[in-house]
Amino acid sequence: MTLTSQDFDATLKRAIDSKTKPLGALGRIESLAAQIARIQHSLSPSAETCRLIIFAADHGMAAAGVSAYPQDVTRQMVLNFLSGGAAANVFARSTGADIHVVDSGIAGKPIEDEDLILHRIGAGTANAIETAAMTAEQLAGALEAGKALGRAGTHDVACFGEMGIGNTSSASLVAAKMLGIAVAELTGRGTGLDDEGLSRKQELLTRAADRTADTLDARTALAEYGGFEIAMMAGAMGGAAEAGKIVIVDGFIATVAALAAREIFAGCDAHFVYAHRSAEAGHEHVLEALNAEPLLDMGMRLGEGTGALLAWPLVKAAAAMLRDMASFDSAGVSGPA
């Protein structure tokens, strides 16, 4: 017999409350376990296997000086990922997660490496300060490629990260347009701009924002201001949710992708677990719009999916609690009077 949603929720609550602990004693772990159980529609959920996909692409606006780092760093960091030297690699190894890197649109010639997944939409976007970052056809290609990557694999948990010089600027513009607020409120230091650099970045992004209406739908905002890696990540989140996976959403840029995915792929956000509260200025605005409460707050702003990887052990533990922890009856322990 298949339980209705209401019956399943009642059974789930009884299962959590009957574990050998005081009611509510495991706090957020209990609500997290309940979310995982609903995603898998199972009282014996699994979050044992995890895959991180890092999407890398370049941004035309980088040449205008919105980042403290030159555009070449995107390519250099992809090579670092492929050689196993980045923070995401270290965290993936320490947690036992698989890691894959996707060229969504890195500037210059394609990198030749058998471990790099090629889904190049273009050699970087156009300069979104002056014109639309991508065409509607390019956006559709990025979303579809991401969706296929998100659906693939038998892992329980999907984490997504990004690499692209200029992508905090891109994400700030996408979020500002989707939320209908001034881009300056969402603009932070990104890769480490000084005060002068931050002022220049805010001026450039305000100029970019003035090109279009105050509020845009997700697809238009992505086409006007997004990056190929951000659009592909949004597609991957939708595809992973469609395939029944738990999706751990990383920091600011990933959360903006989640904001877009929620509009484009209806219902996918029920699968989203928000990893951490980023130190990036705009993240709080986007989390508030999503009514999201992240698991961690560690002052991080690196990207690459690093926060998502650090949150995975909590997700894994929450699933294990519901699946494996004894009940008062099974353990022969007296419950509350």
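Which backbone oxygen does the side chain of Lys177 reach?

## Basis of the model

This is a predicted model, in which local features need pLDDT of at least 70 and side-chain atom pairs count only at pLDDT 80 or more, while totals for chains, interfaces and linings use all residues. Residues are numbered from 1 along each chain as its sequence is written, and side-chain values use heavy atoms, with hydrogens and water left out.

## Lys177

The side chain of Lys177 reaches the backbone oxygen of Ala213 at 2.8 Å. Lys177 is buried but has no salt bridge, and Asp214, the nearest side chain of opposite charge, is 4.9 Å away. Here buried means under 20% relative accessible area with a 1.4 Å probe, protein chains only; a salt bridge requires a side-chain nitrogen of Lys or Arg within 4 Å of a carboxyl oxygen of Asp or Glu. Lys and Arg count as positive, Asp and Glu as negative, and His and the chain ends are not counted.

Beyond its neighbours within four places in sequence, Lys177 is in contact with residues including Ala209, Thr212, Leu216 and Tyr225, where contact denotes heavy atoms within 4.5 Å.

## Helix H6

Lys177 belongs to helix H6, residues 167-179; helices are DSSP runs (H or I, at least four residues) and strands likewise (E, at least two), numbered from the N terminus. Because 12 of the 13 residues of H6 are buried, the helix is largely enclosed by the rest of the structure. Its buried residues are covered by elements including strand S4 (157-163), helix H7 (195-209) and helix H8 (218-225). Gly180, with a positive phi near 70°, follows H6.

Definitions and conventions: Buried means under 20% relative accessible area, exposed over 50%, partly exposed in between (1.4 Å probe, protein chains only). A polar contact is a pair of N or O atoms within 3.5 Å; within protein, one must be able to donate a hydrogen and the other to accept it, and residues adjacent in sequence count only if both atoms are side-chain atoms.
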